Amino acid sequence: MRGPLEGIRVFDLTLIMVGPWSTMNLGALGADVIHIERPGIERGSLGGGIPPYMNGTSIGHITWNMNKRQMFLDLKSDFDVDVAHQLLATCDVFVDNMRPGVADRLGLSYEKLSEINPRIIYCTICGWGTSGPMADRTAADPQIQAFSGFAGNSGAEGGKSEVYRHFTQMDATTGNYATMAILMAMLAREKTGKGQRIDLTMVEAATAVQASRIGEYLATGEQPALMGSGTTTVVPSGAFETEDGTWLGLEARTLPQWQGLCSVLGLSDLAENPAYSTIAGRVAAREAINERLTAKLKTKPSRWWQLKLGQASVPCARIMRFEELMHHPQVTKNHYIEPAETKHWGTVYATGLPWTFSRTPATVLPTSDGGEQTGEILDELAERDAAKEAQATPAGVQS
């Protein structure tokens, strides 16, 4: 068994990252995901043509479209729309992340598809929603970060708000919420026997993932202050420079962690100060505490502090670069980053799966080229039609 979703088929009409991220997850769980591209698209335009590239193809496309079969369909052609309808009759899930109304105009509305296949789970993802003054606008990750207030929570202490530098944050978050919603709809279908429509927006996902920060504002009436790598709610918590110029991320939330940190750093006076025995007390003394910690942590290299603080059960980690991460024994031992052989791009390295199933292991399959399995999928549809025709023909009657 290739995964817990083996036997589930997904019609993937998605582009760039939001939708492809969700369907990539479904494919990793064992679903047969069929990703649709328009015929004639150049390899350099796949994935929106976003650099960097491998052999002329966007790294984004290669990353977001693992675990899928690739098919060409011209959905402006009546013939190909009919083929899409035939394929959708065999599918469990439809996913698109185009602007509201685009799929409808292509003949792929929920009403049409649920008529063809009442069990279809129809997940449509957009940026702003299906109504309101911004409904017909396109959306991208940086704009959603700005609109949702996410960017307003990120920036240097005393500085300006800035978009989170990993610009796919809202894309991946929305894709993950879509995956969860689809799985729940499949569970509901087991009880009702019917599919349903799921509407999901990037703005909804962006606000949901910020529940604690928005809650902080609603409780206090104040915009959370910019703290750089720190947080408004816990002290100490953040990144500190060490003797060798590398940085160490650490946090002492509980009293034992705080006492362990002070013991390792030789700051017994801080540990013995009753005003610092609670989180609230340490938050109130943020500047004084961080000043002492900053000075002390610069006296030893980050690896030394990581060893000693780890022994004292204080959460910490040296801030690493990707070149270190991919060779770290914790990563290699647990297969967090794995090589994969591809026909068109040679050996690529991909992040491993975030889940481990004891009975139905999930798998990572390398990305195929655009439209590569079109013939294979069409043959499967032809075989299905032939089998249906044979079943409908009475015994002894030749067609």
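Before the sheet, one term: two strands pair if DSSP finds at least two bridges between them. Please also keep in mind that this is a predicted model.

Six strands make up an open sheet, in the order β5-β2-β1-β6-β7-β8, and the pairing is parallel. At the edges sit β5, residues 68–72, and β8, residues 197–201, each of which pairs on one side only. If you ignore direction, neighbouring strands of this sheet are turned by 20° against each other on average.

Let me step back for the overall picture. The chain has 17 helices and 13 strands. Its C-alpha trace spans about 95 × 45 × 45 Å along the principal axes. There are 399 residues, and 42% of them count as buried. If you take contacts between residues at least 6 apart in sequence, 66% of them join residues at least 24 apart.

Now, what packs against the sheet? Helix α17, residues 374–392, lies across β1, β2 and β5, and runs at about 85° to β5. Then there is helix α3, residues 78–88. Which residues of α3 are buried? They are Asp 80, Val 81, Val 83, Ala 84, His 85, Leu 87 and Leu 88. The cover over those buried residues includes β1, β2, β5, β6, α5 and α17.

Next, the aromatics, for those of you who like rings. How many aromatic pairs does a search of the whole structure find? It finds seven. Take Phe 11 and Phe 94: their ring centres are 5.8 Å apart and the planes are at 20°, so this pair is stacked. The cut-off behind that word is planes under 30 degrees apart. Phe 11 sits in strand β1 and Phe 94 in strand β6, so to speak across the chain: the pair links distant parts, 83 residues apart. Phe 11 is buried, with a relative accessible area of 0%, and Phe 94 is buried with a value of 0% as well.

For contrast, look at Trp 258 and Tyr 276. This pair is edge-to-face, with 6.4 Å from centre to centre and 85° between the planes. It also links distant parts of the chain: Trp 258 belongs to helix α10, while Tyr 276 is in the loop between α11 and α12, 18 residues away. Are these two buried or exposed? Both Trp 258 and Tyr 276 are buried.

Back to the sheet for a moment. Phe 11 and Phe 94 form one aromatic cluster together with Tyr 110 and Tyr 122. Tyr 122 turns up again as the bridge partner of Phe 94 in β7. Strands β6 and β7 run parallel and are joined by four bridges. One more ring to point out: Lys 300 lies over the face of Trp 304, at 5.1 Å from the ring centre.

While we are in helix α10, let me show you Leu 261, which is found there. Leu 261 is buried, with a relative accessible area of 0%. Leaving aside neighbours within four places in sequence, Leu 261 is in contact with Pro 236, Leu 250, Ala 252, Leu 293, Leu 309 and Val 314.

Now the cysteines. How many disulfides are there? The count comes to zero. Cys 123 is in no disulfide, and the nearest cysteine sulfur, that of Cys 126, is 10 Å away. Cys 123 is buried, with a relative accessible area of 0%. For Cys 262, the closest cysteine sulfur is in Cys 316, 14 Å away, which is too far for a bond. Cys 262 counts as buried too, at 2% relative accessibility.

Last stop, a hairpin. Strands β12, residues 337–342, and β13, residues 346–351, pair in the antiparallel sense over six bridges. Three residues lie between the two strands of this hairpin. Thr 342 stands opposite Gly 346 in β13.

That's my tour, and I'm happy to take questions.

Key
Residues numbered from 1 in each chain as written. Predicted model: local features only at pLDDT ≥ 70, side-chain atom pairs only at ≥ 80, totals over all residues. Heavy atoms only, no water. Phe/Tyr/Trp six-rings, centres within 6.5 Å; stacked < 30°, edge-to-face > 60°. Buried < 20%, exposed > 50% of the residue type's maximum accessible area, 1.4 Å probe, protein only. Lys NZ or Arg CZ within 6 Å of the ring centre and 35° of its normal. Axes fitted to C-alpha atoms, helices over the stretch in contact; angles between N-to-C directions. Contact = heavy atoms within 4.5 Å. Disulfide = S-S within 2.5 Å.
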